[in-house]
Amino acid sequence: MANLRQAQKQMTRRLLLESGLELFTTKGYAATKVDDIATAAGTTRVTFYAYFPSRSDLMRALIDEQLNEALQRVRSPEHGSTAQDLVATVAAGTPEAISAWLRRTADSWPEIRPIIRVGRDAAAVDPELRDLVERWLEEAISDIEDGLTRSGRLAPHQRRFRGVLAMAELDYVAQHWGGTDWKLTRDQLLDELSASWVRLLA
């Protein structure tokens, strides 16, 4: 019986997260109210607050849980979260490793793009969330820096900024892929992005 209750709680929480993301995407963060999310999830405002103290907390959970899960990021005492495969890829520094990691990441773009977009939308109107997406990007930049440090490539003062440049490229391409006519196929785009990462990091 306890296991059934736990499963029901997890399902309700998941429905609230999914409903919140869908409404934030279609209506916008500012226009979406707690009651809207609760109704869409088939529950009540009281139930919503039993899982999330506020709409901001639900948005944080989307970043901390769903985005990190999609990108295989795990908790890290040094950086908040880390993707060990990104650290290992950068440490290896080969064109093959970098290309393979970028292609795996591109497979998750449809899943991660809406979360990052609504995170930025939320940060623009909710002071509590101003650092939400930036913190996540900083954690990814730290992974690149750690990989460069592990490999001993580049001077120490270059490593973080090279990570900034690499993540800025990746974030821009991920957010605009599909909505911009760059006259490239997906494979061509990933080849170009991989070549740029190799120049920056290898």
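At what angle do helix α5 and helix α8 pack, and how far apart are their axes? In this predicted model, α5 (residues 84-92) and α8 (residues 132-151) pack at about 40 degrees, with 7 Å between their axes. We will come back to this pair after a look at the whole chain.

## The chain at a glance

The chain holds ten helices and two strands. Going along the sequence, the elements run in the order α-α-α-α-β-β-α-α-α-α-α-α.

## How α5 meets α8

Two packed helices are described by the angle between their axes and the distance between the axes. For α5 and α8 the angle is about 40 degrees and the distance is 7 Å. That angle makes α5 oblique to α8, and the crossing of the two is right-handed.

Which residues make this contact? On the α5 side they are Gln-84, Leu-86, Val-87, Ala-88, Val-90 and Ala-91. On the α8 side they are Ala-140, Asp-143, Ile-144, Asp-146, Gly-147, Leu-148, Arg-150 and Ser-151. Sorted by class, the contact has eight nonpolar, three polar and three charged residues.

## How α4 meets α8

Helix α8 also packs with α4. The axes of α4 and α8 come within 10 Å and cross at roughly 25 degrees. Why does α4 count as roughly parallel to α8? Angles under 35 degrees are given that name, and the roughly 25 degrees here therefore makes α4 roughly parallel to α8. The crossing of α4 past α8 is right-handed.

From α4, the contact residues are Met-59, Arg-60, Ile-63, Asp-64, Leu-67 and Asn-68. From α8, they are Leu-132, Val-133, Arg-135 and Trp-136. This contact divides into six nonpolar, one polar and three charged residues.

## How α7 meets α9

For α7 and α9, the axes lie 9 Å apart and the packing angle is about 100 degrees. The two helices are therefore roughly perpendicular to each other.

In this contact, α7 supplies Trp-109, Arg-113, Ile-116, Arg-117 and Arg-120. Its partner α9 supplies Leu-170, Asp-171, Val-173, Ala-174, Gln-175 and His-176. Counted by class, there are five nonpolar, two polar and four charged residues.

## The largest pocket

Rolling a probe the size of a water molecule over the atoms shows where empty space is left. Here the largest pocket has a volume of about 290 Å³. Its lining has 21 residues, and the closest to the pocket centre are Ala-70, Leu-71, Trp-101, Thr-105 and Ser-108.

Which elements give two or more residues to this lining? They are α5, α6 (95-107), α7 (109-125), α8 and α9 (156-176). The largest share, four residues, comes from α9. In terms of class, the lining of the largest pocket has 14 nonpolar, three polar and four charged residues.

## The second largest pocket

The second largest pocket holds about 190 Å³ of space. Three helices, α1 (2-27), α4 (55-70) and α7, each give at least two residues to its lining. Of these, α1 gives the largest share, with five residues.

If you want to find this pocket in the structure, look for Gln-10, Arg-13, Arg-14, Leu-17 and Leu-21, together with Glu-65, Gln-66 and Glu-69, and then Pro-110, Glu-111, Pro-114 and Ile-115. By class, the lining of the second largest pocket has five nonpolar, two polar and five charged residues.

Terms used
Residues numbered from 1 in each chain as written. Predicted model: local features only at pLDDT ≥ 70, side-chain atom pairs only at ≥ 80, totals over all residues. Heavy atoms only, no water. Axes fitted to C-alpha atoms, helices over the stretch in contact; angles between N-to-C directions. Parallel < 35°, antiparallel > 145°, perpendicular 65-115°, else oblique. Left-handed = near helix turned anticlockwise from the far one by under 90°. Contact = heavy atoms within 4.5 Å. Nonpolar A, V, L, I, M, F, W, Y, C, P; charged D, E, K, R; others polar. 1 Å grid on protein atoms, 1.4 Å probe; cavity = no way out; pocket = protein on both sides within 12 Å on 5 of 7 lines; lining within 4 Å. Points joined across faces, edges and corners; volume = space filled by probe spheres on them.
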